[in-house]
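Dear colleague,

Please find below the structure for your records. I would be grateful if you could read the notes that follow alongside it.

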Amino acid sequence: MVGIFGCVLKDGNAAPVIYSALKRLEYRGYDSAGEATTHKNKLFVKKDKGRIDEIHTRHDLNDLPGRIGIGHVRWATHGAPLRENAHPHIDCNKQIAVVHNGIIENFTELKKELEDLGHIFKSKTDTEVIPHLIEENIKKGLPFIEATRETINRLEGSYAIAVVYVKEPDKIVCVQKESSLTIGVAENAAYPASDIPTFLPLTKRAVAVENQEFAIVSDGKYEIRKITDWSLVPREPKLIKWVPEKAEKLGYRHFMLKEIHDQPSSIHNTLRLQDQYLELMTAFLARTKEVFLVACGTSYHACLAASYMLSRLAFLSTHPVAASEFIEQQGRSISIDSTILAVSQSGETTDTLAAVEHARLHAATILGLTNAIGSTLTRVSRVYICPQSGPEVGVAATKTFTSQLCVLAQLALRLAKQRGKVSHTEMEWLEEKMDQIPDAVETIIQTQEEKIEQIARKYRDTEFFLFSGRGISLATALEGTLKLLETNYIPSMTFPAGEKEHGPIRLVEQGFPVVFICPRDETHKKIVNDIREMKDRGAPIIAIIEEGDEEIKALADDYIEIVKGMPEILSPILCVIPLQLFAYYMAVERELDPDRPRHLTKAVTVK
Ligand code: M6R
């Protein structure tokens, strides 16, 4: 995720307005930033890697001439956080500048086509194809707006784009496809931006640019048209009543809640990852003798789920290991034949990096899955993948977990395909189901959130929780436990349901709820029996079930429904959503701050 901003003033200097707006956008990305303005037929660009204030100290971002300009904060997804990859990107003649949030899926083909026509590319980003395509269309004689429209017709993917052109210096042209864009409208100015808080100190009037719409923005004016048939869209600005503190969280009370709600879009974007990265990593997994999945905390739970995905789909047996135990447990057996897939939101967790370093010294192959391009993990990995979740502010990992699961599921699917382990029909079904995940997550949030809030109210004074599941749902249960533990400080424990007789059953009694994760997979029958047994001992049962699972509904004291018909290997992505919401609302009920749990930091960089 990144942030874009544009500024069209009737009079005055746009650069300081853009610089302040970028500071407000910084939560969306902070590995590089830049601005471009147009003035007297010339384009002025300042950009660099680093946080906004560092860049400002180096380049003075207030010092660009002109009343019109665009700006960008970046969280790298294509190309490392370097100056040349920072936005805005420009065409060969330095006349067109573009900022972009989203992914251009077919950029490799477009780039090749443009390079064959003589265009010189300076970056590794997908975005850079846009100014060059507009340039090419202008060369063919199209006016700026037509040239941009023609360009958009060539792009596959999702995007919010803002473009300036020196020869039409009175406007910014914007386009939105599956990526949020809103225009702040003032008396003598207009501000297209990724989100409302960016322009809130400048104006409280805002008009949304909706999916597949084009906007031409000039001082205090805007014109919105549908990309498809170019029809005019009449839309009046609305008054925004947010207070600044809420605005930063897009109207949500906490970052954790905002990030839970971000998931339909972060998953959607992650499912559009470039094929080449997935292919490459699959190739490494395919040829290795042994694979260790290494991570801490939530990322470790993603690894555990992945071990089920890889074994059940691709018949690949892997070793999920908590990074803090890796050297003790596996250290001596690591060799040139080993592959370590390290998973880390931050890419900086000390234990994970120590495990990776140990493996590297023993000539193992290192693969990385991290949310932070430019982190240490990306530097030491032979191949790395960055899910498209954007920066996560809440200490409790939520959207990064589901994005990690999506990447790991995609790898398992690819490997299964390569190894000929799934039939064509099954593969098509799995791919179809995968595409439905963002909508399924949205449905769970829309239909279950209120109910989960009520359940949290009912159990707010509970002193001890048990979580349980079978198969891949064990990973989900562990993650549900961790979410509750870290945000609520309530003692909680996970046990594999099949292990109950080996000890945990002793803890089951009246007043101690057991949360069961019960998708309708091969373990369902056994889970029903597990629930019965716990219920007989008087434990209240909270069950995460598929819609219409009457059998468990009849047994559970409280149940939360997820969309039915999802394949087993994808079920953690859906089942974890209610558990994240449950932990969040429990914290709210107990008057705790879920964004800042005591004694915890976002990245654990100490031993
Ligand atoms: O950045 P990482 O994914 O390497 O972090 C690992 C854990 O520290 C992290 O998942 C932690 O457990 C979270 N606070 C969980 O919500």
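This is a predicted model: local features need pLDDT of at least 70, side-chain atom pairs count only at pLDDT 80 or more; totals for chains, interfaces and linings use all residues.

Residues are numbered from 1 along each chain as its sequence is written, and side-chain values use heavy atoms, with hydrogens and water left out.

**Helix packing**

Two packed helices are described by the angle between their axes and the distance between the axes. Axes here are lines fitted to C-alpha atoms, for helices over the stretch in contact, and angles run from 0 to 180 degrees between N-to-C directions. Helices (H or I, at least four residues) and strands (E, at least two) are DSSP runs, numbered from the N terminus.

Helix α16 (residues 473-488) packs with helix α19 (residues 571-589) at an angle of about 15 degrees, and their axes are 9 Å apart. The two helices, α16 and α19, are therefore roughly parallel to each other (angles under 35 degrees count as roughly parallel, over 145 as roughly antiparallel, 65 to 115 as roughly perpendicular and the rest as oblique). Their crossing is right-handed; a crossing is left-handed if the near helix is turned anticlockwise from the far one by less than a right angle, and right-handed if clockwise. On the α16 side, the contact (heavy atoms within 4.5 Å) involves T476, E479, G480, K483, L484, T487 and N488. Their counterparts in α19 are P572, C575, V576, L579, F582, A583, M586 and A587. By class, the contact of α16 with α19 has 9 nonpolar, 4 polar and 2 charged residues (Ala, Val, Leu, Ile, Met, Phe, Trp, Tyr, Cys and Pro count as nonpolar, Asp, Glu, Lys and Arg as charged, and the others, Gly among them, as polar).

For α4 and α5, the packing angle is about 125 degrees and the axes are 8 Å apart. That makes α4 oblique to α5. The crossing of α4 past α5 is right-handed. I130, L133, I134, N137 and I138 of α4 make this contact with F144, A147, T148, E150, T151 and R154 of α5. The residues of the contact divide into 6 nonpolar, 3 polar and 2 charged.

**Buried residues**

Which residues of helix α5 (residues 144-154) are buried? They are F144, I145, A147, T148, R149, T151 and I152, where buried means under 20% relative accessible area, exposed over 50%, and partly exposed in between (1.4 Å probe, protein chains only). These buried residues of α5 pack against α4 (129-139), β7 (157-165), β8 (172-177) and β12 (213-218).

A295 belongs to strand β15 (residues 290-295) and counts as buried at 0% relative accessibility. Leaving aside neighbours within four places in sequence, A295 is in contact with Y300, C303, V321, A322, A323, V343 and T352. Between A295 and T352 there are 57 residues in sequence and 5.6 Å in space, C-alpha to C-alpha.

I437, in helix α15 (residues 424-459), also has 0% relative accessibility and counts as buried. Beyond neighbours within four places in sequence, I437 is in contact with I267, M566, L570, I573 and L574. The C-alpha atoms of I437 and M566 are separated by 8.6 Å, although the residues are 129 apart along the chain.

**Salt bridges**

Side chains of opposite charge can pair when their charged atoms come close. A search of the whole structure finds 36 salt bridges, each defined as a side-chain nitrogen of Lys or Arg within 4 Å of a carboxyl oxygen of Asp or Glu.

- E178 and R272 form a salt bridge, with the closest N and O atoms 3.3 Å apart. E178 is in the loop between β8 and β9 (181-185) and R272 in the loop between α8 (263-270) and α9 (275-287), 94 residues apart.
- D275 and R414 meet in a salt bridge at 2.8 Å, N to O. This pair links D275 in helix α9 with R414 in helix α14 (residues 399-418), 139 residues apart. D275 counts as partly exposed, at 47% relative accessibility.
- K289 and D337 meet in a salt bridge at 3.7 Å, N to O. K289 lies in the loop between α9 and β15 and D337 in the loop between α11 (323-330) and β17 (338-344), so the pair ties together parts 48 residues apart in sequence. K289 is exposed, with a relative accessible area of 69%, whereas D337 is partly exposed, at 34%.

Salt bridges that share partners also join E453, R457, R460, D461 and E589 into one network.

With kind regards
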